[in-house]
Amino acid sequence: MPRVLGELSDPPLTPSPDDARGALRRELVDPQYYDQDVVQRILDWIQRRIDGTVASASAVPALAWLAATLIAVALGAALILLLSRARTTARRRSEHGAVLSEAGESAAQIRTRAEAALADGRFGDAVLDGFRAMAVQQVERGRLDNAPGSTAREVADTLVQQYPERRDSLAEGARLFDAVMYGDRPATRAEAETVLGIDVLLRSRR
């Protein structure tokens with residue numbers, strides 16, 4: 001039987017294409033999609049920060065170890081230097097003694113040793129013994145108390161009261177004594193002769 005046009009046409013789509021597009025548009029503008037996108041972005045940012053922190057932290061132990069090693073080496077070198085200087089100072093004190101000691105040597109004996117050191121080119125020893133000879137000479141003359149352990153500065157300050165006109169010479173002698181004795185400073189011939197000359201200057205005064 002022939003089919004009648006219109007009776008046999010397909011039923012209309014439900015929903016229509018326009019309705020479908022409208023529904024999709026309404027679905028996409030739902031706020032929850034945007035909320036999820038923001039949350040995801042925040043989570044991604046946090047993850048990146050964590051990854052960066054972990055990467056940085058992995059390098060810290062190596063840097064810290066390197067810094068600690070360098071500090072330890074520097075401290076060790078400084079300690080070795082200080083110990084070396086301390087041993088040198090102790091050796092000089094042991095070899096030469098203080099300005100005034102209880103050894104019982106006379107000024108003449110000490111001066112003879114100082115002059116021998118000068119002749120041998122041992123100018124540092126000449127400075128030390130030259131100053132000591134001067135100090136012991138003043139003890140023998142009754143112008144200085146025999147106080148073992150007195151420093152060169154103390155000896156000079158005491159003698160300045162007796163010889164105010166020799167203030168500069170005494171101060172220079174004390175400075176040279178300390179520089180050689182405690183500063184490991186090499187002395188020159190001129191400096192040794194200067195110290196030996198202090199004794200002559202003081203003895204020249206009646």
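**Stop 1: helix 3**

Start by selecting Ala-107, Ile-110, Arg-111, Ala-114, Ala-117 and Leu-118, the buried residues of helix 3. Buried here stands for a relative accessible area under 20%, exposed for over 50%, and partly exposed for values in between, using a 1.4 Å probe and protein chains only. Helices are DSSP runs of H or I with at least four residues, while strands are runs of E with at least two, and both are numbered from the N terminus. Before you go on, note that this is a predicted model, in which local features need pLDDT of at least 70 and side-chain atom pairs count only at pLDDT 80 or more, while totals for chains, interfaces and linings use all residues. Residues are numbered from 1 along each chain as its sequence is written, and side-chain values use heavy atoms, with hydrogens and water left out.

Now look down the axis of helix 3: the buried residues fall within an arc of 115°, so they line one face of the helix. That arc is taken from the directions that run from the helix axis to the C-beta atoms. Turn to the other side of helix 3 and you will find Ala-108, Thr-112 and Ala-119 exposed.

After helix 3 comes Gly-121, with a positive phi near 80°.

**Stop 2: salt bridges**

Stay on helix 3 and show the side chains of Arg-111 and Glu-115. They form a salt bridge, with the closest N and O atoms 3.1 Å apart. The term asks for a side-chain nitrogen of Lys or Arg within 4 Å of a carboxyl oxygen of Asp or Glu. Arg-111 and Glu-115 are four residues apart in helix 3, so about one helical turn separates them. Is Arg-111 buried or exposed? Arg-111 counts as buried because its relative accessibility is 15%, whereas Glu-115 is partly exposed at 39%.

Move on to Asp-120 and Arg-122, whose side chains meet in a salt bridge at 3.3 Å, N to O. Asp-120 is exposed, with a relative accessible area of 56%, and Arg-122 is partly exposed at 38%.

Then pick Arg-175 and Glu-172, another salt bridge, at 2.7 Å from N to O. They sit three residues apart in helix 6, so about one helical turn lies between them. Arg-175 is partly exposed at 37%, and Glu-172 is partly exposed at 29%.

For a network, select Glu-105, Arg-113, Asp-129 and Arg-132, which salt bridges link together. By this rule, the count of salt bridges is nine.

**Stop 3: the ring pair**

How many aromatic pairs are there? The count is one. Select Phe-131 and Phe-177: their ring centres are 5.5 Å apart and their planes stand at 45°, so the pair is tilted. Rings of Phe, Tyr and Trp (its six-membered ring) pair if their centres lie within 6.5 Å; planes under 30 degrees apart are stacked, those over 60 are edge-to-face, and the rest are tilted. Phe-131 belongs to helix 4 (residues 123–140) and Phe-177 to helix 6 (residues 167–181), so the pair ties together parts 46 residues apart in sequence. Both Phe-131 and Phe-177 are buried.

**Stop 4**

Zoom in on Leu-170: leaving aside neighbours within four places in sequence, its contacts include Phe-131, Met-134, Ile-198 and Leu-202.

**Stop 5: Glu-191 and Pro-186**

Finish in helix 7 (residues 189–203), where you will find Glu-191. Glu-191 counts as buried, at 13% relative accessibility. Not counting residues up to four places away in sequence, Glu-191 touches Val-127, Leu-176, Arg-185 and Pro-186. Pro-186 lies in the loop between helix 6 and helix 7 and is exposed at 66% relative accessibility. Last, draw a line from Pro-186 to Asp-125: their C-alpha atoms are separated by 9.7 Å, though they are 61 residues apart along the chain.

Conventions
Contact means heavy atoms within 4.5 Å.
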